[in-house]
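My entries follow in the order in which I looked things up.

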Amino acid sequence: MNTLRMAVIGLGKMGLHMIKQAMDIQMERPVEITAVCDTNEEGLKAFAAAHPSIKTYLDYQHLLDEQPIDLVYIAVPPKYHYPVVMEVLNRNIHVFCEKPLANSLEEASRMVEAAEQAAERAGVVHAVHFSMPHEPAVLKLQEMVKQHAVGHIRRIDLILQFPQWPRSWQQNEWITSREQGGFILEVGIHWIHMIQHVFGPLQVLEAQVTYPADQPNACEQEVQAVLELPDGTRIYMQGISHFAGEERVSMVVYGTEGTIALENWEELISGPIGQPLSPVEVLESSSELPVLKHVINQIEGKSGKIYTFQEGYEAQKILEMLRENN
């Protein structure tokens with residue numbers, strides 16, 4: 001069977017992580033990282049020294065011109081998703097893009113249109129790297145919600161708390177900028193997508209985002225928002241950065257018969273009304289990760305759970321509504 005030739009554009013944390021995944025992944029069709037691209041010449045030289053068999057490029061168009069590629073993973077900063085994605089789609093190459101889909105709703109809309117045209121024209125697979133719905137704790141949460149384990153949902157709280165932003169492992173030029181960074185965009189988008197996947201479409205009723213008064217280009221420090229599901233259930237979003245304390249990224253689901261909480265991404269706890277919360281057994285074997293497997297299965301015409309550009313657009317709509325209300 002022919003090898004699936006994959007390119008990675010953007011060698012930051014996620015790009016390097018995806019390369020490791022692709023090298024370790026066990027698929028019926030072999031996966032080969034054929035080429036990579038990054039504008040950081042020093043970093044690119046270091047990568048080339050460690051991976052001499054992989055072609056390196058400073059310009060993604062040169063990479064696409066010179067290398068026969070089946071799948072491109074795009075991990076550049078959000079501002080650059082649009083031009084790279086549009087070029088890849090124009091060449092009828094399968095595309096796997098980091099979240100958020102774009103840097104604006106207008107860009108996201110155009111990307112969806114181009115992706116759907118490429119899919120119709122050449123069977124191109126397009127996916128956004130949303131991983132939360134594949135996590136064992138979220139799969140268990142979804143099962144409990146479907147089974148009405150805590151009765152009818154009364155309200156949901158979404159808590160995003162970061163003592164410092166960016167976190168120590170997120171040091172780059174854009175993650176603190178109002179244009180491309182901030183915890184709503186970087187972290188909130190995961191939870192927005194997951195909530196829409198588990199509970200249904202969202203709309204923003206009200207939002208207040210606070211930015212540093214003395215730094216006009218800096219990202220947000222606080223957010224308070226009220227969102228709503230189609231059945232009228234309210235979701236209260238509270239976020240803050242730069243404080244004394246510990247990070248907390250969690251969702252609490254209040255039902256008529258009890259509570260479910262997903263604490264710090266993966267700790268699932270629950271309990272009936274009037275009782276303390278206790279851990280819920282989550283089978284790690286139920287994990288559907290990595291998402292790359294699903295993307296490749298889709299390319300192969302097999303069963304695979306991916307989130308298309310349309311779903312990326314639906315999450316982006318909520319993201320932009322939050323960011324515009326300030």
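Entry 1. Before looking at helix pairs, I noted the term I would need: a crossing is right-handed if the near helix is turned clockwise from the far one by less than a right angle, and left-handed if anticlockwise. I also noted that the model is a predicted one.

Entry 2. I looked up α7 and helix α9 (residues 309-324), and found that the crossing of the two is right-handed. They pack at an angle of about 125°, and their axes are 9 Å apart. Angles over 145 degrees count as roughly antiparallel and those from 65 to 115 as roughly perpendicular; α7 and α9 are therefore oblique to each other. On the α7 side I listed I184, L185, I189, I192, H193 and Q196, which meet residues of α9 including E311, A315, L319 and R323. Sorted by class, this contact of α7 with α9 holds eight nonpolar, three polar and three charged residues.

Entry 3. I then turned to helix α6 (residues 136-146) and helix α7 (residues 183-199), which pack at about 35° with axes 10 Å apart. Here, too, I recorded a right-handed crossing, of α6 past α7. In α6, V138, L141, Q142 and V145 meet M194, H197, V198 and F199 of α7. What classes do the residues of this contact of α6 with α7 divide into? I recorded six nonpolar, two polar and no charged.

Entry 4. I next traced an open sheet of eight strands, whose order is β8-β9-β10-β7-β11-β12-β13-β14 with mixed pairing. Its edge strands are β8 (203-210) and β14 (278-279), each of which pairs on one side only. Strand β13 (residues 267-272) pairs with β14 in the antiparallel sense over two bridges, and I269 has P279 in β14 as its bridge partner. α6 packs on this sheet, touching β11 (248-255), β12 (258-263) and β13, and its direction makes about 25° with that of β13. I found α7 lying across several strands, among them β7 (153-162), and running at about 160° to β7.

Entry 5. Finally, I examined an open sheet of six strands with parallel pairing, in the order β3-β2-β1-β4-β5-β6. Which strands lie at the edge? They are β3 (55-57) and β6 (126-128). Neighbouring strands of this sheet are turned by 20° against each other on average, direction ignored. Strand β2 (residues 31-37) pairs with β3 over three bridges, and A35 has K55 in β3 as its bridge partner. Helix α8 (residues 291-299) lies across strands including β1 (4-9) and β5 (94-97), running at about 160° to β5.

Notes:
Residues numbered from 1 in each chain as written. Predicted model: local features only at pLDDT ≥ 70, side-chain atom pairs only at ≥ 80, totals over all residues. Heavy atoms only, no water. Axes fitted to C-alpha atoms, helices over the stretch in contact; angles between N-to-C directions. Helix = DSSP H or I, 4+ residues; strand = E, 2+ residues; numbered from the N terminus. Contact = heavy atoms within 4.5 Å. Nonpolar A, V, L, I, M, F, W, Y, C, P; charged D, E, K, R; others polar. Pairing = 2+ DSSP bridges. Parallel < 35°, antiparallel > 145°, perpendicular 65-115°, else oblique.
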